[in-house]
Amino acid sequence: MDAADFIKTLIARLGRGSVLTAQSDLEAYEADLLNKYRVPALCVVKPANTEEVAATVRLAREAGLPVTPAGGRTGFAGGAVARKGARQIVISLERMRTIRTVDPVDDVIVCDAGITLAEVRQAAEAVDRYFPVSHGGEGTSQIGGMIATNAGGNNVLRYGMARAHILGLEVVLASGDVWDGLRTLRKDNSGYDLKQLFVGSEGTLGIVTAAALRVQPRPRERAAALCAVPSPQAALQLYNTVRNSAGEILSAFELLPRSGVELHLARTGTTQVPLSERHDWMVLLEVETSIPDLDLGGLLERILGDALERELIEDAVVARSLAQRDALWALREGIAEAQASSRLVIKSDTSVPVSAVADFVDRATNAVHEVLPDVVPIPFGHIGDGNIHFNIGAPPGMSAETFASHEASLSAAVCETALQLGGSISAEHGIGQLKLHALRNAKTTTELEMMRWLKNSFDPDNLMNPGKIVEADDPVLKQEAQP
Ligand SMILES: Cc1cc2nc3c(=O)[nH]c(=O)nc-3n(C[C@H](O)[C@H](O)[C@H](O)COP(=O)(O)OP(=O)(O)OC[C@H]3O[C@@H](n4cnc5c(N)ncnc54)[C@H](O)[C@@H]3O)c2cc1C
């Protein structure tokens, strides 16, 4: 079957409206969020249900055509765009948005993979429960994408990454068979944990079509505070202090550099930082509990008062209302949003042991300045998880094109610094096509071989999102590792 026959047969099976072929319809699916990767697609398929996903994969297999699953396309690693040179079939799950069951006794939501993360959070709230994965892209990113990237976000500190919330999955395999693994058990040690193999696999092992998600008791009390700290080292000390005093109720601890806040203020032109003076480093922290009527605001005031006396912080404001709390988070998320689609900012997503975060910020700052002296470091994010996004702003006046020519060496400098400190080149955004070479530099031959075995077992013909993470017959693995 050639490509034309494939499209004809697919339209006959799924209907005209489910298979897009007009260039004007394809464009949006051919590029990533940052417009860094742009690859023509043969067609975009929008199945209505799991069986239609399976039928598409079976037909694609017959035609020998690779498929790329697409969620909300908010990923930062170019995973939902075909690799260069391949005319791929994009399978978008955007029409698969049903919440199948919500069970507040078992504390489980079973849903289609195309529903957004924000909608799942709302569905949990509607039955007085809480789905804790949360980040700036949640209004658009889908549950399938969350699972395929093992998304992290702002509450990993307390609740863990996406992986921790998956009880079961339904997956269309490379053969076109459907694996119904939608179990909702808390304890199941009956052999290998197959669902976890698909978490973080970025569409390279199968297409997630539904998930059983574990929900938590809804937090009833929350308190957030913005603190000015003299340095990342002091932020780390503050983290230990709050952790020792608030224990497991500490749910977020985020680093905000002045350079990032400035980007947000410039973009919105409205929001003021609610601290009396200008500070180079700030921390946004939050505590939450599902026990009602606990005075968490008072608790934070006591902890931060003590920290002020010990000169760990220079100033602090505790949010006293929901609106004040939301304004603090808008500041934090605004830093990510201001950079999300900017071509004058190079994104980064490394992790190091929490104890090494301040050292990492210092060393990475020196490393990128050695590559290009006037770049603007924007190290922000999940300091409590050791996951600082060490983003890099272009030197003032430099064009996006010139800046892009330095990207490989600047990114390599950040990754190398993280590795020297025992860290990872990808904390929560995945590998996609962005970090293929970095992965090969970071992993041992044994690790890369084990990944290839897995890929070979699940997708021997390399039709599931090829060119991402690792390939069955891996051409990149054979090349010299490059920056
Ligand atoms: C402003 C902003 C802030 C963000 N903050 C964070 C953050 O704090 N933490 C974080 O982890 N991420 C963050 N992200 C990144 C992003 O939102 C996550 O990576 C998200 O989980 C991707 O979901 P998606 O549906 O958009 O996936 P896509 O981008 O569409 O796809 C990502 C990968 O998953 C694969 N995939 C998608 N759907 C499926 C499926 N059903 N089955 C199999 N494979 C599939 C794709 O092929 C691709 O490889 C942020 C993004 C934005 C825009």
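Modeller: By class, the shell around the ligand holds 20 polar, 13 nonpolar and 5 charged residues; here Ala, Val, Leu, Ile, Met, Phe, Trp, Tyr, Cys and Pro count as nonpolar, Asp, Glu, Lys and Arg as charged, and the others, Gly among them, as polar. This is a predicted model, where local features need pLDDT of at least 70 and side-chain atom pairs count only at pLDDT 80 or more, while totals for chains, interfaces and linings use all residues. Residues are numbered from 1 along each chain as its sequence is written.

Among the 38 residues around the ligand, Gly71, Gly75, Gly79, Gly144 and Gly145 come nearest (near means a C-beta atom, placed from the backbone, within 6 Å of the molecule). At least two shell residues each come from β3 (67-70), α5 (143-149), β10 (206-214) and α11 (322-340), and α5 gives the most, with 5 residues. Helices (H or I, at least four residues) and strands (E, at least two) are DSSP runs, numbered from the N terminus.

Both α5 and β10 turn up again at α4, where they are among the elements covering its buried residues, along with β6 (108-112) and β7 (129-130). In α4 (residues 117-126), Leu117, Val120 and Ala124 are buried (20 or more other C-beta atoms within 10 Å of a residue's own; exposed means 12 or fewer, and partly exposed lies in between). They sit on the same side of α4 because they cover an arc of only 60° around the axis, taken from the directions from the helix axis to the C-beta atoms. Gln122 and Ala126, on the other side of α4, are exposed.

How values were computed. Two residues are in contact if their C-beta atoms, placed from the backbone, lie within 7 Å.
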